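I opened this structure to take a few notes on its helices and its ligand. The entries follow in the order in which I looked things up.

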Amino acid sequence: MAKVVLENIRKSFGSLDVIKGIDLAVEDGEFCVFVGPSGCGKSTLLRMISGLETSSDGRMLIGDRDVTHAEPSQRGIAMVFQSYALYPHLTVRDNIGFGLSLAGRPKAEIAAKVEKTAETLQLTHLLDRKPKALSGGQRQRVAIGRAIIRDPKVFLFDEPLSNLDAALRSQMRMELTDLHARLGATMIYVTHDQVEAMTMADKIVVLNAGRVEQVGSPMELYNRPASPFVAGFIGSPK
Ligand code: ADP
Ligand code: MG
């Protein structure tokens, strides 16, 4: 569990300024949703928090630690992507346990943690299957399992549900909200889907062209949008 603080975070690719000075605090245990149109910099910002991308300027803290220059593995975070990135030749069991195997944890410890994680995500009956024998929702749960098993302080999600059909998406929304309640972890969740933002978030950060347009609870944004952009984005369906 950890607070995430961004201070004047910027990112340029060559002459292209993508993130233009972001100040933000995500509270310990909060479910924070970054929402904004395609290309506004959501994935870039998330990759910077994960350490997969370096920031061009600014400072970043996770918990009490300055992680501005820390490697991804030193940040206590786990990231779940839109594409599930599962290993096709490994079983669900080995996919979930992969990170711990890589870290050289004892086999008995890995086995116990995989069982517990599978139970949390209702995957126990699927542990011996390969990814190709799973539905889209089941694959996404395995991807989440791989993140959970490492006990991260902070979870980062980049549009994890956008490849799923509408019915499954709404089921997974509820599952993720429930998971957040049970784990109590800090979650930062990127989406361009207003419904996801409105139904899942404790706090919504509306991004527009690399800047924060408004920060607030779903009801605050809905009732008191700070700009026509926010009003249009939160108020109208895609
Ligand atoms: P979003 O996730 O909100 O759709 P992205 O963060 O993926 O937006 O991209 C924001 C902008 O940064 C886009 O214009 C994209 O083309 C650009 N961009 C992202 N990554 C790179 C990169 N590695 N090199 C150059 N431009 C990039
Ligand atoms: Mg993106």
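These notes cover the surroundings of the ligand, then a pair of helices, then a single helix.

Entry one, the ligand. I kept in mind that this is a predicted model. I looked up which residues surround ligand 1 and found Phe13, Leu16, Val18, Gly36, Ser38, Gly39, Cys40, Gly41, Lys42, Ser43 and Thr44. Sorted by class, this shell has four nonpolar, six polar and one charged residues. I then checked where the shell comes from: β2 (16-26) and α1 (42-50) each supply at least two of its residues. The largest share, three residues, comes from α1.

Entry two, a helix pair. Two packed helices are described by the angle between their axes and the distance between the axes. I looked up both for α2 (residues 92-102) and α3 (residues 107-120): the axes come within 9 Å and cross at roughly 130°. I therefore noted α2 and α3 as oblique to each other. The crossing of α2 past α3 is right-handed. On the α2 side, the contact is made by Arg93, Ile96, Gly97, Leu100 and Ser101. On the α3 side, Ile110, Lys113, Val114, Thr117 and Ala118 make it. By class, I have five nonpolar, three polar and two charged residues in this contact.

How many residues does α5 have, and how far does it reach? I found 18 residues, 166-183, with 26 Å from the first C-alpha to the last. That is close to the 26 Å expected at 1.5 Å a residue. Just after α5, I noted that Gly184 has a positive phi of about 65°.

Note on methods:
Residues are numbered from 1 along each chain as its sequence is written. Chains are lettered from A and ligands numbered from 1 in the order in which they are written. This is a predicted model: local features need pLDDT of at least 70, side-chain atom pairs count only at pLDDT 80 or more; totals for chains, interfaces and linings use all residues. Helices (H or I, at least four residues) and strands (E, at least two) are DSSP runs, numbered from the N terminus. The expected span of a helix is 1.5 Å times one less than its number of residues. Axes are lines fitted to C-alpha atoms, for helices over the stretch in contact, and angles run from 0 to 180 degrees between N-to-C directions. Angles under 35 degrees count as roughly parallel, over 145 as roughly antiparallel, 65 to 115 as roughly perpendicular and the rest as oblique. A crossing is left-handed if the near helix is turned anticlockwise from the far one by less than a right angle, and right-handed if clockwise. Two residues are in contact if their C-beta atoms, placed from the backbone, lie within 7 Å. Ala, Val, Leu, Ile, Met, Phe, Trp, Tyr, Cys and Pro count as nonpolar, Asp, Glu, Lys and Arg as charged, and the others, Gly among them, as polar. A residue is near a molecule or strand if its C-beta atom, placed from the backbone, lies within 6 Å of it.
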